Amino acid sequence: MPPGSRVRHAGRLGAIGIGIGIVIGSGLLVGSPAAARDRDWVGVEKCRTCHEKQLMGDQVAAWRSGPHRHAYATLKSPASLAIAAEQGLDRPPAESDACLGCHLSAHGVPPVRVAHPLGREDGVQCETCHGPGRDYRKKKIMSDRKLATRKGLRDADDEALCIGCHNASSPTFDPNRYQLPDGSRAGFDFATAKERIAHPIPADVKGRFVELEDAQEAAEEAAEADR
Ligand code: HEC
Ligand code: HEC
Ligand code: HEC
Ligand code: HEC
């Protein structure tokens with residue numbers, strides 16, 4: 001199971017238990033905590049509305065050209081088929097639990113929680129690292145980090161998140177893949193790896209996106225009116 005779901009939701013088992021209690025007690029599903037989480041994985045198409053904008057720094061473009069977008073497609077490559085044969089998998093890697101947990105978003109998450117279609121070809125998408133987005137993706141919430149965190153935004157600046165997949169259970173894990181600053185080698189180095197997938201909000205925009213976008217729109221409207 002991807003770490004995003006394991007780490008984030010372990011603490012909610014209690015809530016599910018209470019939810020079931022309510023269902024059994026009243027015969028009602030509506031309003032139970034379980035029902036409240038329906039479709040909380042929304043997919044990258046929803047993030048695009050804002051995070052594909054130039055002013056924002058176009059995180060979607062960075063992700064598209066990075067490794068995670070292609071993680072699912074990789075499972076159909078000759079290299080993957082060779083690994084599957086070597087491991088004696090009973091189904092193709094693109095359908096196997098032995099591979100999908102690290103190469104696809106929301107694998108193993110109950111279907112009721114996932115918007116359809118989430119987009120398999122999107123591989124490891126935003127929400128695997130940033131948390132299921134249904135409740136935080138509104139502009140007003142997103143621009144208030146504390147509130148967004150309460151609504152499910154996860155702190156991605158967390159080595160444990162990466163190591164949930166970047167570990168020796170990966171058939172291609174290479175203990176010498178990364179060179180550390182002191183010259184020694186390691187299978188994963190958080191600082192270097194983070195740099196390789198960097199997709200920052202421009203420093204002069206960070207914390208000011210809504211304000212700057214409003215100003216941009218006002219300027220465009222004024223220009224329109226002058227014509
Ligand atoms: C859900 C599993 C998963 C998580 C979590 C994850 N990755 Fe990955 N990552 C992958 C997979 C799978 C690939 C290989 C994709 C491919 O080549 O098809 C990959 C590839 C990479 C690569 C390119 C290969 C390499 O090691 O140089 C980098 C860099 C990387 N990830 C960085 C990160 C960082 C940084 C984090 C944490 C912030 C992270 N990843 C979290 C699954 C994950
Ligand atoms: C524990 C998580 C994990 C599992 C399980 C996993 N992978 Fe991966 N996979 C990764 C990560 C992370 C990478 C990036 C390189 C690395 O560190 O291994 C990767 C990279 C790859 C690559 C290399 C991509 C490239 O172009 O360099 C292939 C091929 C691959 N995986 C196939 C598979 C297959 C097939 C399975 C199932 C038998 C599988 N993986 C299971 C995490 C995983
Ligand atoms: C493999 C994990 C991973 C994936 C996938 C991923 N991110 Fe990130 N993201 C990170 C990390 C790590 C950071 C840097 C740490 C931080 O600022 O929280 C980050 C930072 C960000 C930031 C804040 C940048 C800043 O300057 O403060 C935004 C916005 C963002 N990501 C959006 C996205 C969107 C949108 C997607 C999907 C298109 C996405 N991310 C996919 C791990 C990921
Ligand atoms: C309606 C617009 C909108 C949508 C949709 C949206 N975001 Fe955001 N997001 C924002 C704004 C605005 C900010 C704050 C930008 C700033 O720094 O001023 C932000 C900030 C972020 C940050 C940085 C948080 C921080 O302070 O470190 C991350 C990560 C992020 N978004 C991820 C996502 C993901 C993942 C999705 C899709 C599930 C998504 N966003 C959908 C508007 C949006």
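Author: For sorting residues into classes, Ala, Val, Leu, Ile, Met, Phe, Trp, Tyr, Cys and Pro count as nonpolar, Asp, Glu, Lys and Arg as charged, and the others, Gly among them, as polar. By these classes, the shell around ligand 3 holds 11 nonpolar, 7 polar and 3 charged residues. The model is a predicted one, in which local features need pLDDT of at least 70 and side-chain atom pairs count only at pLDDT 80 or more, while totals for chains, interfaces and linings use all residues. Residues are numbered from 1 along each chain as its sequence is written, and chains are lettered from A and ligands numbered from 1 in the order in which they are written.

A residue is near a molecule or strand if its C-beta atom, placed from the backbone, lies within 6 Å of it. Ligand 3 is surrounded by 21 residues, the closest being Cys126, Cys129, Ala156, Asp157 and Pro200. Two or more residues of this shell come from each of helix H4 (44–51), helix H5 (59–64) and H9; helices (H or I, at least four residues) and strands (E, at least two) are DSSP runs, numbered from the N terminus. H9 gives the most to the shell around ligand 3, namely 4 residues.

At ligand 4, H4, H9, helix H10 (139–142) and H14 each supply at least two residues of the shell. H4 gives the most, with 5 residues. Of the 21 residues around ligand 4, the nearest are Cys47, Cys50, Gly133, Met142 and Phe209. The classes here are 8 nonpolar, 6 polar and 7 charged.

Within helix H4 lies Glu45. Glu45 counts as partly exposed because it has 14 C-beta neighbours inside 10 Å; a residue is buried if 20 or more other C-beta atoms lie within 10 Å of its own, exposed if 12 or fewer, and partly exposed in between, with C-beta atoms placed from the backbone. H14 (residues 209–226), in turn, is hardly covered, as the count of buried residues among its 18 residues is 0.

Definitions and conventions:
Expected span 1.5 Å × (residues − 1).
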